[in-house]
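Dear colleague,

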Amino acid sequence: MRESREARYERDSETEIHGMRRRRLRPKRRRPLDDGSYVCPSCGETIEIPLDPSAGDEQSYVEDCPVCCHPNVIHVEFFGPDEPPRVFADAE
Ligand SMILES: [Zn+2]
């Protein structure tokens with residue numbers, strides 16, 4: 001009876017930098033209240049947009065969807081510093 005030897009293959013573990021594990025959350029460039037998102041009525045994608053509270057409490061403007069290029073009317077409403085802004089879109 002032959003003894004089959006299991007060749008042990010030791011992998012050289014590639015240089016892993018454990019101290020640099022990064023969690024991938026949403027990139028935070030601005031304060032959360034300055035970001036909004038709407039669902040494109042044409043393609044259904046959630047589009048994140050930067051908001052500009054200094055432009056008024058109620059805003060609406062036309063913006064092309066970056067996914068399907070369909071023009072949408074974006075409505076933005078700001079309620080106050082503690083409440084998240086309301087963002088929604090209508091197909092033009
Ligand atoms: Zn779209």
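**What was found**

If neighbours within four places in sequence are left aside, A89 is in contact with Y38, V39, C40, P41, N72, V73 and I74, where contact means that the C-beta atoms of two residues, placed from the backbone, lie within 7 Å. Please keep in mind that this is a predicted model, in which local features need pLDDT of at least 70 and side-chain atom pairs count only at pLDDT 80 or more, while totals for chains, interfaces and linings use all residues. Residues are numbered from 1 along each chain as its sequence is written.

The pLDDT is the predictor's confidence in each residue, from 0 to 100; the protein chain averages 80, and 64% of the residues score at least 70. Where pLDDT is low, the predicted coordinates should not be read in detail.

The protein chain has zero helices and five strands, both being DSSP runs numbered from the N terminus (helices are H or I, at least four residues; strands are E, at least two).

Which residues form the largest nonpolar core? This core has six residues, namely Y38, I74, V76, F78, V87 and A89, and the elements that give two or more residues to it are β4 and β5 (86-91). A nonpolar core is a set of buried Ala, Val, Leu, Ile, Met, Phe, Trp, Tyr and Cys residues joined through C-beta atoms within 7 Å. A residue counts as buried if 20 or more other C-beta atoms lie within 10 Å of its own, as exposed if 12 or fewer do, and as partly exposed in between, with C-beta atoms placed from the backbone. Of the 92 residues in the protein chain, 9% are buried.

I49, which is found in strand β2 (residues 46-50), is partly exposed because 15 other C-beta atoms lie within 10 Å. Not counting residues up to four places away in sequence, I49 touches G36, S37 and I74. I49 and D34 are 15 residues apart in sequence, and their C-alpha atoms are 8.8 Å apart in space.

With best wishes
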